[in-house]
Amino acid sequence: MTSDHPVKRRKKLIEVAIPLEAINAASAREKSIRHGHPSTMHLWWARRPLAAARAVIFCQMVDDPSAVPEEFPTEEEQENERLRLFALISELVLWESTTNEELLERAREEIRRSWCRCCVDNAEHPEAGELFKPEKLPGFHDPFAGGGSLPLEAQRLGLESYASDLNPVAVLINKAMIEIPPKFAGMPPVNPESRARQDINSWTGAQGLAEDVRYYGKWMRDEAEKRIGNLYPKVPVTSEMVDNSENPRPDLKLYVGQELTVIAWIWARTVNSPNPAFADTEVPLVSTFVLASKPGKEAYVEPIVSENQYHFVVRAQRAPELASVANGTKIGRGGNFRCIMSGTPISPEYIKSEGVAGRIRHKLVAIVAEGQRSRVYLSPTPEQERVASSLAPDWRPDGDFVQDARAFTPHIYGLKGWRHLFSDRQTIALSTFSDLVEEASAIAAADMKFRVECESSSESLSEVSRDEYRIALSIYLSFSISRSADFWSSLCTWANQPKNELVAHVFTRQALAMVWDFAEANPFSEAGGGFLSNLSYVAKGVAMLGGAASGRAQQADAASLTTNGASVFSTDPPYYDNIYYADLSDFFYVWLRRSLKRSLPELFATIASPKDNELVATAYRHGGKEGAESHFLRGMRLAMKSISSHAHGCFPITLYYAFKQTESRLSEGSFSTGWETFLAAVIDSGLSIVGTWPIRTEREARTRGIGSNALATSVVLVCVRRHKAAAKIQRSAFRRELLLAIPIFIRKLENANIAPVDVAQAAIGPGMAVFSSAEAVLNPDDSQMTVREALIEINTALDDYLSQEEGDLDPESRFALTFFESFGYQERDYGEAEGLAVARNISVDGVAKSGILSSLAGKVRLLQRSEFPDDWDPSRDKRLCVWEATQQMIKRLEAHGENNAAALLVQLKNISDHGDLAADCRALAYRLYNHCEKTKQPEEARSYNGLVIAWPELERHASAASNAQTAPLQTSLI
């Protein structure tokens, strides 16, 4: 715990400036990285990108140059040093740098350099010998460790890393990422196959451990096939299966007479028909009959109905363009279907009643088999259906999941327990593989004993506990079963994608959604979803680990922390009520417990993961919304106080928070309970917020989340302990401080080209710095201002700042801006528009002559971008205005791409008699985005946001084009 004696603290980089554009670009790109990414070892929800975690912790640890005047005395020298650090960070956040030891060591050296300054500054501190040891960096702690990104990156940067979480699945993930790999770093594999290769000296990091995961996982797969392989028979291909199309594909005839390995079986849930004439017939609930639509590889299912029966035939050809094929037996949205026999509608209420009565069953619709580098789609056979339908598992997972329709819809249809989410065959497969974990790890321990005895010179092996290694392997092998459970459930679908068709895993979003027709993956297929594929992801993730320092993960409540000395804190707390972490994690917990409860009895002592103390505002668990909010605020306040009391005084605390973009603006009628409650908990704990940085995790230039409920932005809050001598201030003083702080900060953001969509979130930083640094902000009646009131004031100050820039525009653009913010593109009477124009010392006719307005028959409206001329040349425009230039830039960018828009930017920059026309266009885009986002115009907002995001690339293209035009010609020497 930190001392009460104040420490001397230098301002860190994250408190002044960070290379946000580079961090965001790397974070977005990381979403597409699969093989080797630690997140692919085990699913966890809303993980922070490694790039963002690495950058934030680095910037949290390294001094800002302005805090080192003895080395960088002038502002110019400070800025140059800052740019040098930015260049290092921009390289550090790249995925390719994850295992670049030379680069990582450079980053560690920067951290050590700042730490040494801190130790020198505090040499006279009463606890100097305990808190400030130049040779030993402070430890790192994340009390909401979750998916482990932050502890892993702290470890990579050279800090001893501690991770804690209340959830046992999260603890297990962190053990696998930061605790186990350093113990076995550099150790060769123990399996006999690797021993025979005699390459024991070529293993670095956790590569030897990864090799053993592959080997013993492969043993599990082979052993499982011996035990239950008969439950997954190959499918004999007959001529009827491939010659039943109008134009049968010649390549399919090659398979006739062969037995093919099945990739997946496609099943449809069934209910008894609501039509009395077919009451005893189980009719299918199918969302689509299309299996594949890739050109040349098409396939679809045709239901054949005759009298009181039906069956399915797979046609290997393009599906007819019929709603009955594309939509299966589904009608419209939700759980509405039709009876395949009679066409009678099947309502959601009827399906629910059938499900509650236990009468939802399933029927085989199609078979997907492995061909030669392609999928082969075949009609179902009675034998294939019989094998899967005649099983009775000896064991099923215990427990029911929460009956909350927001994130768990299967319970509405009678599927209430974990046992209901896996077919009989899937349950047997997962049980078999789970039981094999203990056997495989015992074999590995025996192999290790043999290797130690035979190779006594291998000191690294002899020092390692066989039991520790056995448990480590058990954890990673169990992860391959968790990945398999995600693909071996009756909530998986068959995804007909443009490039490939495959079994889609359960958690395509942070919920368990009802699925009508599901895909059952074959564990013994080598395609995606098969065990070997899942094992490969785990092994590749392990191979990327190793750790530059030690790590430890433990199960603990964040409100009652214990740390080994004062720590650096960066954490990603739960997001109010957005994600039901504990409830969702039980999907994996029930299988992990089966395979690991003997090895880790304390972690898996309970039937399900702990939930009562989980800091999520779940209304169903806390007696309603008010009780849930009270639980979240109370628990988060305690957690923040615990973090503050254990934090090292020389370093700020960084907290991540993600929230819905539609809740990002606050006004009298719109606010975010989660965001507001979280900020209140932070401030009430005695912390002061000194900065906020929006980290975007969508792919580059995507703003899909505008107007939706997507969690697209993580706001990183930078916090320090509030000064004990902080005074109370009046609301009027708070407003004055905002008017000074907001413009300076926003101009910095605009110069850094931050996306307009992120400006409102980032502006919270300087505003909350003023609010939270005071003991309290008092209203005129001496009541304390609430966080909600403070957020409203901050957003008002932001709006005022953006409005002030209107005065820098030309009269035509000021008229267009006012008209647009008042009426959009609607028509208005001439007199009404003229009044707006006269107030700006211009006329409607004058604005119309500038080419941005239509004035006909007494009606006036702004022209939309599509109406602007395609051949516009700003150098020939006699009444050039910023509004028109901005709309033309967007039109060029959206219709013709960056090169075309950059060419226009060059023209705008070359027009000298209109000031900085290009900069004015970008400033106007910020202002227009702000308006469109507040007034819920997502398409318009997207256009303005897109222009600003693309601006650096446009500048680059424009600069290259200008240099090419002015480059001197080389004269011939001949």
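## Serine 379

Does serine 379 count as buried or exposed? In this predicted model, serine 379 has 10% relative accessibility, and because buried means under 20%, serine 379 counts as buried.

To find serine 379, look in the loop between β13 (375-378) and α13 (382-389). The side chain of serine 379 reaches the backbone nitrogen of valine 314 at 2.8 Å. Leaving aside residues up to four places away in sequence, serine 379 touches Met241, Asn244, Phe312, Val313, Val314 and Ile367.

## Helix α25

Now let's turn to a helix. Helix α25 spans residues 830-838, and Ala833, Leu836 and Ala837 are buried there. Viewed down the axis of α25, the buried residues fall within an arc of 100°, so they line one face of the helix.

As for the buried residues of α25, their cover includes α24 (811-823), β24 (828-829), α26 (844-849) and β26 (859-862).

## Cavities

How many cavities of 30 Å³ or more does a search of the whole structure find? The search finds four, and the largest cavity holds about 360 Å³ of space. Lining this largest cavity are 29 residues, of which Trp44, Phe144, Gly146, Asp165 and Pro574 are the closest to its centre.

Two helices, α6 (149-156) and α18 (581-596), each supply at least two residues of that lining. Sorted by class, the lining of the largest cavity has 16 nonpolar, six polar and seven charged residues.

Notes. Residues are numbered from 1 along each chain as its sequence is written. This is a predicted model: local features need pLDDT of at least 70, side-chain atom pairs count only at pLDDT 80 or more; totals for chains, interfaces and linings use all residues. Side-chain values use heavy atoms; hydrogens and water are left out. Buried means under 20% relative accessible area, exposed over 50%, partly exposed in between (1.4 Å probe, protein chains only). Helices (H or I, at least four residues) and strands (E, at least two) are DSSP runs, numbered from the N terminus. The arc is that of the directions from the helix axis to the C-beta atoms. Contact means heavy atoms within 4.5 Å. On a 1 Å grid over the protein atoms alone, a cavity is a set of points where a 1.4 Å probe fits but cannot get out, and a pocket is an open set with protein on both sides within 12 Å along at least five of seven lines; lining residues have an atom within 4 Å of a point. Grid points are joined across faces, edges and corners, and a volume is the space filled by probe spheres set on the points. Ala, Val, Leu, Ile, Met, Phe, Trp, Tyr, Cys and Pro count as nonpolar, Asp, Glu, Lys and Arg as charged, and the others, Gly among them, as polar. A polar contact is a pair of N or O atoms within 3.5 Å; within protein, one must be able to donate a hydrogen and the other to accept it, and residues adjacent in sequence count only if both atoms are side-chain atoms.
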